[in-house]
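Please look through the model below. A short report on its chains, domains, sheet and selected residues follows.

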Number of protein chains: 2
Amino acid sequence: MGDVSGFTEDELLEAVRRVLSGPAPGVVLGPGDDAALVEPGRHLGVLTVDLLVEGVDFDRSSYTARDVGYKAVAVNVSDVAAMGASPRYGLVAVGLPPSVDARWAVELVAGMRAAADEYGLALVGGDLSRASEVTVAVTLTGEVPEGGAVTRAGARPGDRVVVTGALGAAAGGLLLLRAPASSVAAVVASSWARRLVEAQLRPRARVGEGRTLASAGATAMIDVSDGFAKDLSRLCAASGVGAAVRLADLPVAAELGELSRHVPAEPLGLALGGGEDFELLAALPAEGVAKARAVLLERFGTPLADVGEIREGSGLVAIDEDGAERPLEPRGWDHFAG
Amino acid sequence: MGDVSGFTEDELLEAVRRVLSGPAPGVVLGPGDDAALVEPGRHLGVLTVDLLVEGVDFDRSSYTARDVGYKAVAVNVSDVAAMGASPRYGLVAVGLPPSVDARWAVELVAGMRAAADEYGLALVGGDLSRASEVTVAVTLTGEVPEGGAVTRAGARPGDRVVVTGALGAAAGGLLLLRAPASSVAAVVASSWARRLVEAQLRPRARVGEGRTLASAGATAMIDVSDGFAKDLSRLCAASGVGAAVRLADLPVAAELGELSRHVPAEPLGLALGGGEDFELLAALPAEGVAKARAVLLERFGTPLADVGEIREGSGLVAIDEDGAERPLEPRGWDHFAG
């Protein structure tokens, strides 16, 4: 198979279209025309876009084309999940450098399709162009019943701060991928190391969990994309509140203990600032926590940790094991940090 | 104002959000949360995405930031128009190189906003990242009444081939922008030259015209983004038909005659293959042409040219002034052509 420059745009678009979704519920007209046509939704529409750029969000030495495609969709699904909503349709814009061959491009779209199938959404359109690096913008639409959406803005003092799953695994996986091969050769095949790498390459969006937390009365919700502390600070800023986090209760990914014996890594720091966990972070009235936890475990096998409380005022504090409080810096991933 | 690297992502996102749409009909929650929320539409949903990349689709020496933003939205609106639909909501994903300062980024979004206001759509979300070159992906949603959408696939033998406005002006403008300054210094301020440059930098989408053509019974429609011949060949391929085009009837932009006296330019070639005109090209039953032409002129001041007919079979032919037919090559813009 030739490189992309050897394909006409129409030929490559046709190859890509074959991999995009076929007939799907609600899709009146799929990829290939000026625009796609979909049936009107009965609920509120949800719209979100995320841009992934090679060298910033991923690199081709660690990520396969399928990984990139899968993740580009999954991180968007996570945004929909963080509204308490369900994804419906997706559109993908892909910029490809000359160094990418057509097989890579089709594998990229296959990864998108795999994620779309997993999360029950249809990819209904796309666009391709040349670019200096692989660039993927995914736009998703979703639906949420009127009154069922959870924004970042409703947290109230006294609400509990809860988070699904475990934190820091994706950042741990990135450390493993970036470590000198010689230093991690002995461990990369171990199950804990593979779980960390999987968390980085194939993050899971928490769609059912988001709907469950919305039903349980979550007053505010955000997905942990840029780091627990940074995303909590965003939720608090949007809600006009502060928060206190009990560090001992943070669900630090268990694999990070193993990791720290092989590469320089500080588990608590990775859990607080690592980013890309795509867990859901919510404010939840105290009376809803036990029920939500039980439902999440039963339906999805997903733990829910109660890690602190929403407070009046602003700013984050961390509470250590002795009960001492200190400011919690909202450090995390910043696309433009120098 | 510092460069983008001097801004945190949150600061730049906040600046961008202020320029994105404020309250707008149907928008329940605008930019700034994990996703936007919009009221469900009553009609079929329309979804489309376009990717513009610096060095491929524009360059910063000719385009201002506002031009880039305006065009990125307008070319998407054109796709919606080509379905006979109306745009509703937009999402923008922007990749920015370190050489771009924050003022440029905000101006880019201001150009998007100007186009959004002009076409009556609301920009409800966005994402920013670093990139090697300015990269802009715009996704639009729109609406079209059930049964009112016009795809590329319905053209029937005997239908007339019609096209709005004039062809080749945008390509002529590009020639002017790329010509050595010394060769065009005497003419760039003339009104014909400015109209050509405007056609390239600030293309107009034909939304009202698209709805009019749909109402007039258009059986297939496409916007002229990659060149008249290439886009006609796409419409014909999707419809399983061929077409014959009478070259003398093509609405070649009048300014191209002037242009050809100053730079090497072949008006008919630019009209057939130039691309980026964003005029609407449709197949229309003969009995609908006169009425559609009258309505388009009266409501929008837009001419409609009857340039040929849909035929059985496949392939395009050009008919010259003597009535002789020869194959019409579907040449045009190709993002991956070597």
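## Two copies, one axis

Chain A can be laid on chain B by a turn of 180° and a shift of 0.0 Å along the axis, with an RMSD of 0.0 Å. The superposition is by least squares on the C-alpha atoms of residues with pLDDT of at least 70 in both copies. The two copies are thus related as by a two-fold rotation axis. The same surface serves both: 100% of the contact residues of chain A recur in chain B. Contact here means that the C-beta atoms of two residues, placed from the backbone, lie within 7 Å.

This is a predicted model, in which local features need pLDDT of at least 70 and side-chain atom pairs count only at pLDDT 80 or more, while totals for chains, interfaces and linings use all residues. Residues are numbered from 1 along each chain as its sequence is written, and chains are lettered from A and ligands numbered from 1 in the order in which they are written.

## The chain A–chain B contact

Chain A gives 62 residues to the contact, and chain B gives 62 residues. On the chain A side, strand E3 (residues 44–53) gives the most, with nine residues. Helices (H or I, at least four residues) and strands (E, at least two) are DSSP runs, numbered from the N terminus. By class, the side of chain A that touches chain B has 31 nonpolar, 17 polar and 14 charged residues. Ala, Val, Leu, Ile, Met, Phe, Trp, Tyr, Cys and Pro count as nonpolar; Asp, Glu, Lys and Arg count as charged; the others, Gly among them, count as polar.

Strands also pair across the two chains. Strand E2 (residues 36–38) of chain A and strand E3 (residues 44–53) of chain B run antiparallel, over three bridges. Two strands pair if DSSP finds at least two bridges between them. A:Leu37 has B:Val46 in E3(B) as its bridge partner.

## Two domains in chain A

The domain assignment of chain A gives domain 1 (7–144) and domain 2 (160–327). Such bounds come from an automatic or database domain assignment. The C-alpha centres of domain 1 of chain A and domain 2 of chain A lie 26 Å apart. Their contact takes 16 residues from domain 1 of chain A and 18 residues from domain 2 of chain A.

On the side of domain 1 of chain A that touches domain 2 of chain A, helix H2 (65–81) and strand E4 (86–96) of chain A each supply at least two residues. H2(A) has the largest share of that side, nine residues. By class, that side has nine nonpolar, four polar and three charged residues.

## The seven-stranded sheet

Chain A has an open sheet of seven strands, in the order E8-E10-E7-E11-E9-E12-E13, with mixed pairing. Strand E8 (220–223) and strand E13 (325–327) of chain A stand at the edges, each with a single partner strand, so one side of each is left without a neighbour in the sheet. The twist averages 25° from one strand to the next.

Strand E9 (residues 242–246) and strand E12 (residues 315–319) of chain A run parallel, joined by five bridges. A:Ala244 has A:Val317 in E12(A) as its bridge partner. Helix H11 (residues 289–300) of chain A lies across strands E7 (160–164), E10 (280–284) and E11 (304–311) of chain A, running at about 150° to E11(A). Axes are lines fitted to C-alpha atoms, for helices over the stretch in contact, and angles run from 0 to 180 degrees between N-to-C directions.

## Buried loop residues

B:Leu250 sits in the loop between strand E9 (242–246) and helix H9 (255–259) of chain B. B:Leu250 counts as buried, with 20 C-beta neighbours inside 10 Å. A residue is buried if 20 or more other C-beta atoms lie within 10 Å of its own, exposed if 12 or fewer, and partly exposed in between, with C-beta atoms placed from the backbone. Leaving out residues up to four places away in sequence, B:Leu250 touches B:Leu167, B:Val245, B:Ala271 and B:Val307.

Most residues other than glycine have a negative phi. A:Glu276 is not a glycine, yet its phi is positive, about 65°. A:Glu276 lies in the loop between helix H10 (267–273) and E10 of chain A. A:Glu276 is buried, with 25 other C-beta atoms within 10 Å.

## Helix H7

Helix H7 (residues 207–215) of chain A is mostly covered: seven of its nine residues are buried. Among them are A:Val207, A:Arg211 and A:Leu213. A:Gly217 follows H7(A), with a positive phi near 100°.
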